[in-house]
Amino acid sequence: MKMSKKSVLTIGTFDGLHLGHQKVLKKVVEIAMAEGLQSVVISYKDHPAFVLKTHPMPKMLCPAEIKLQEMKKMGIERIELLDFTLELAKTPPLKFLKDYIIPQFQPEVIVMGYDSHFGHLRQGNYDFLCRHSEELGYRVEYVEPLLFEGKPISSSSIRNLLLNGKIEAANYLLGRPYRLIGKVGHSNSKGRKLGFPTANLNLLCPHQLIPKSGIYLSKVIWQENVFFGLTNIGCSPTVKNTGVIEIETHILDFQDNLYGQIMELDLLSYLREEKMFKNVDELKTAIQNDIALARVMLKEFSG
């Protein structure tokens, strides 16, 4: 069947692509399949707050690469990630609708969540779209928020969980493990000298949120291969004195050199806080204990 150019679409920042966002996107896919329309999402490459310089400026949960990956997995056929500019922020919603959305996507249906909005001063909301639907020839579908403990699931609540090391709770609301994505860079090789070589991740998106410092059980995705490891987020105070927060992963049962390669890192479980040890031997013992615990946990994961 030839796909109609007409579409069902939604628009939003969708930072995190958490379970609440997924509910909206599932509705888009469902309508597209039922009515023979193309499923479309209009979103942004970066968080609008960084352009608008609003405070607080939230760290991103979902850089563009991850957003594209996850939306495609959900079955969205066309994803437009716009550069959020001051000009775009000042565009009245009716102009954006008439000059961009309708000519580009020919929407038959526009799906809106409870907090969906676009255009100047966020005026392009559900009520606005309903007022213009007859004149411009589309219908509007509303998706109720997904609640957790009586409140709508939100990106800000997930950020708070991550900053407090509550990775399992954050992953539950995300509907998948929290993922960091970056390029493997040089570390100072202290891990290798200790007998535990690490891959040092430099994030592709400087605005991505780095969770609470500590030791995490993690999953490494590299060129479609999956490995497990221990990730240290922190400044490694026993062997370094830079005070710089780094993301270093010791990959279990892995020998290759990943330097310069793109690596994705899923954080699965928070094991312990980063500590200052009296000496290197104490640190080595702690790492061995962490690895032993990780192997036990991985048996439970796979079991």
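The structure holds ten aromatic pairs, where rings of Phe, Tyr and Trp (its six-membered ring) are paired if their centres lie within 6.5 Å, with planes under 30 degrees apart counted as stacked, over 60 as edge-to-face and the rest as tilted. The model is predicted: local features need pLDDT of at least 70 and side-chain atom pairs count only at pLDDT 80 or more, while totals for chains, interfaces and linings use all residues. Residues are numbered from 1 along each chain as its sequence is written, and side-chain values use heavy atoms, with hydrogens and water left out.

In the pair of tyrosine 44 and phenylalanine 84, the ring centres are 5.1 Å apart and the planes stand at 85°, so the arrangement is edge-to-face. Tyrosine 44 belongs to strand β2 (residues 38-44), whereas phenylalanine 84 is in the loop between β3 (78-82) and α4 (86-90); the pair therefore ties together parts 40 residues apart in sequence. Helices (H or I, at least four residues) and strands (E, at least two) are DSSP runs, numbered from the N terminus. Tyrosine 44 is buried at 6% relative accessibility, and phenylalanine 84 is buried at 15%; buried means under 20% relative accessible area, exposed over 50%, and partly exposed in between (1.4 Å probe, protein chains only).

Phenylalanine 148 and tyrosine 172 form a tilted pair, with 5.8 Å between centres and 50° between planes. Because phenylalanine 148 lies in strand β6 (residues 147-148) and tyrosine 172 in helix α8, this pair ties together parts 24 residues apart in sequence. Phenylalanine 148 is partly exposed at 33%, and tyrosine 172 is exposed at 53%. One aromatic cluster is formed by Phe96, Tyr100, Phe105, Phe118 and Phe128.

A closed barrel of six strands runs β8-β9-β12-β11-β10-β13 with antiparallel pairing; two strands pair if DSSP finds at least two bridges between them. Strand β11 (residues 225-234) is joined to β12 by six bridges, and asparagine 232 has glutamate 248 in β12 as its bridge partner.

The largest nonpolar core has 27 residues, and Ile158, Leu162, Tyr178, Met263, Leu265 and Leu267 are those with the most contacts inside it. Such a core is a set of buried Ala, Val, Leu, Ile, Met, Phe, Trp, Tyr and Cys residues joined through side-chain atoms within 4.5 Å. Elements giving two or more residues to this core include α7 (155-163), α8 (167-174) and β13 (262-272). A second, separate core of 22 residues includes Ile31, Leu37, Cys62 and Met71.
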